[in-house]
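Subject: Structure for you to look at

Hello,

Here is the structure I said I would hand over. Please open it next to the sequence; my notes on what was found follow below.

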Amino acid sequence: MIELIDFCKQYGGKSAVENVTMTVNSGEITALLGENGAGKTTILRAVCALHFASAGIVRVCGSEDAESIKENTGYVPEIPVLYADFTVWEMLKYACEMRGIFGSAQKTAMERVIADCALESVLDKKTKTLSKGFSQRVSFAAALVHNPRVIVLDEPASGLDPSQIKQMRHLVKKLGKERTVLLSTHLMQEVDALAEKIFILKKGRIAASGTAAQIAQNTGCKTLEDSFIKLSES
């Protein structure tokens with residue numbers, strides 16, 4: 001579970017996110033929807049303890065401790081961070097080592113994420129030679145080696161072609177059956193395809209929340225997209 005209570009984040013005295021309160025339950029896929037600069041990535045990074053609240057509370061799996069939060073989360077950034085001259089196998093081995101996973105536990109972890117992310121065909125390829133879709137899969141796998149209870153995804157469909165997006169959706173849905181998944185996007189079709197709960201952000205604040213149907217009803221619109229446009233223009 002993820003809990004934010006009156007979360008605020010400032011950079012140089014300027015507010016990026018103000019008074020955000022939200023809950024993401026286990027076994028649930030929740031989307032942060034908003035225009036660029038709305039505060040989505042700021043929230044995601046706080047949930048992963050990559051930076052800290054200026055005010056308010058961030059709690060993951062019942063803990064506010066940064067080390068505990070990092071142990072329980074896996075973060076997949078919008079742009080995969082991979083070492084160009086590493087093979088996929090070497091990249092995953094390195095990800096394990098960075099998490100303190102060695103020996104038989106490492107072998108088990110690598111076998112699990114390779115299967116989950118369908119990487120068998122590219123294990124010997126250097127990451128710099130991979131397609132965008134496979135690079136994203138390796139990024140997912142690296143985030144999953146320690147079997148985190150919470151998965152945080154920043155624009156997971158960015159730059160993917162339709163076939164790759166379909167594969168990504170399948171993986172996210174699979175992860176969401178057993179874990180807490182929080183993803184950010186500005187693509188309405190990704191929200192419709194994946195999210196059970198939605199928070200719409202506008203200028204660092206929550207403008208609406210609920211299911212797509214609830215948000216549409218509450219804003220007097222027929223679709224989530226119409227609701228988003230209405231809220232963005234208001």
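Helices and strands here are runs assigned by DSSP, a helix having at least four residues and a strand at least two, and they are numbered from the N terminus. With that in mind, helix α8, residues 212-219, lies across β8 (197-202) and β9 and runs at about 115° to β9. Please note that this is a predicted model.

The sheet

Strands β8 and β9 belong to an open sheet of six strands, in the order β5-β6-β7-β3-β8-β9, with mixed pairing. Its edge strands are β5 (73-76) and β9 (205-210), each of which pairs on one side only. From one strand to the next, the twist averages 15°.

As background, strands of a sheet pair through backbone hydrogen bonds, either parallel or antiparallel. Both senses occur here. Strand β6 (residues 150-154) pairs with strand β7 (residues 180-185) in the parallel sense over five bridges, and V152 stands opposite L182 in β7. Helix α5 (residues 132-144) also packs on the sheet, where it touches β5 and β6; its direction makes about 165° with that of β5.

Around β8

Strand β8 is mostly covered, with five of its six residues buried. On one side, four bridges join β8 to β3, and the two strands run parallel; L32 is found opposite F199 in β8. With β9, strand β8 runs antiparallel, joined by five bridges, and here L201 stands opposite I206 in β9. The hairpin of β8 and β9 has two residues between the strands, and K203 takes a positive phi near 50° in this hairpin.

E28

E28 lies in the loop between β2 (14-24) and β3 (29-33). Is E28 buried or exposed? E28 counts as buried, because its relative accessibility is 13% and the cut-off for buried is under 20%. The side chain of E28 makes a polar contact with the side chain of K197, at 3.4 Å. Leaving aside residues up to four places away in sequence, E28 touches T23, G176, R179, T180, V181, E196 and K197.

If you want a place to start, look at E28 and K197, whose side chains make the polar contact, and then follow β8 to its hairpin with β9.

Regards

Definitions and conventions
Residues are numbered from 1 along each chain as its sequence is written. This is a predicted model: local features need pLDDT of at least 70, side-chain atom pairs count only at pLDDT 80 or more; totals for chains, interfaces and linings use all residues. Side-chain values use heavy atoms; hydrogens and water are left out. Two strands pair if DSSP finds at least two bridges between them. Axes are lines fitted to C-alpha atoms, for helices over the stretch in contact, and angles run from 0 to 180 degrees between N-to-C directions. Contact means heavy atoms within 4.5 Å. Buried means under 20% relative accessible area, exposed over 50%, partly exposed in between (1.4 Å probe, protein chains only). A polar contact is a pair of N or O atoms within 3.5 Å; within protein, one must be able to donate a hydrogen and the other to accept it, and residues adjacent in sequence count only if both atoms are side-chain atoms.
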